[in-house]
Amino acid sequence: MIIYKTMINITSLIYKLGLCLSSIMHRKGCLKCPLKITSEIQTFIACRNEFTMSDWLELEILINHVQNGFTKRLRKIYPMLTEDDIHVILLLRSNMEHAHIARILHVQMSSFRMRRSRLKKKMKIKKYSFSDAIKTLYL
């Protein structure tokens, strides 16, 4: 339990460091073009068939870098979301194919469809396509 709490604290510090770095880079004008970062995010995801805890953290930092703290706002607006829910949303937000997401999550496509459906209900999203709603979600 102590190790888990320590990991959470480290994760929080790294996240805050990433936001500070993003802010500094943005002010200095050295933040890369969002399209290039999006391409980097997709490459980051595409070369993995399995994610470690540090991979999830790195993906979150990359997305936050591009989208002004997206996951922090997501967690604030939807506090009921679990870490697994956040992971699914990050992958959908990165515009990855559903089949690839299912492979990363080690689930069948039918299970992934059910997971998306449950997330849609949990987040009370009215749009027909949950994936499209996540890709266009502005918090």
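Analyst: Accessible areas come from the Shrake-Rupley method with a 1.4 Å probe, and for residues only the protein chains shown count as cover. On that basis the protein chain exposes about 9000 Å², of which carbon and sulfur atoms supply 60%. This is a predicted model, in which local features need pLDDT of at least 70 and side-chain atom pairs count only at pLDDT 80 or more, while totals for chains, interfaces and linings use all residues. Residues are numbered from 1 along each chain as its sequence is written, and side-chain values use heavy atoms, with hydrogens and water left out.

User: How many helices and strands are there in the protein chain?

Analyst: The protein chain has eight helices and zero strands. Both are DSSP runs numbered from the N terminus, helices being H or I with at least four residues and strands E with at least two.

User: And what share of the residues is buried?

Analyst: Of the 139 residues in the protein chain, 36% are buried. Buried means under 20% relative accessible area, exposed means over 50%, and partly exposed lies in between (1.4 Å probe, protein chains only).

User: Which residues have the most contacts inside the largest nonpolar core?

Analyst: They are Ile45, Leu59, Leu74, Leu91 and Met123, in a core of 31 residues. At least two core residues come from each of α2 (34-46), α3 (53-66), α4 (70-77), α5 (83-93), α6 (98-105), α7 (109-123) and α8 (130-135). With six residues, α5 gives the most to this core. A nonpolar core is a set of buried Ala, Val, Leu, Ile, Met, Phe, Trp, Tyr and Cys residues joined through side-chain atoms within 4.5 Å.

User: Which residues of α6 are buried?

Analyst: In α6, His100, Ile101, Ala102, Ile104 and Leu105 are buried.

User: What does arginine 48 touch, leaving aside its neighbours within four places in sequence?

Analyst: Arginine 48 is in contact (heavy atoms within 4.5 Å) with Asp55, His100 and Ile104, once neighbours within four places in sequence are set aside. Arginine 48 sits in the loop between α2 and α3, and it counts as buried because its relative accessibility is 18%.

User: Is serine 131 buried or exposed?

Analyst: Serine 131 is buried, because its relative accessible area is 5%. It belongs to helix α8 and touches Leu92, His98 and Arg116, not counting residues up to four places away in sequence.

User: Changing topic, where does asparagine 95 lie?

Analyst: Asparagine 95 lies in the loop between α5 and α6. Its phi is near 65 degrees, a positive value in a residue other than glycine. Most residues other than glycine have a negative phi. At 45% relative accessibility, asparagine 95 counts as partly exposed.

User: What about histidine 106, exposed or buried?

Analyst: Histidine 106 counts as exposed, because its relative accessibility is 55%.

User: Finally, which residues line the second largest pocket?

Analyst: Thr38, Ile41, Ile63, Val66, Gln67, Arg93, Ser94, Asn95, Lys135 and Tyr138 line it. The elements that give two or more residues to this lining are α2 and α3. On a 1 Å grid over the protein atoms alone, a pocket is an open set of points where a 1.4 Å probe fits, with protein on both sides within 12 Å along at least five of seven lines, and lining residues have an atom within 4 Å of a point.
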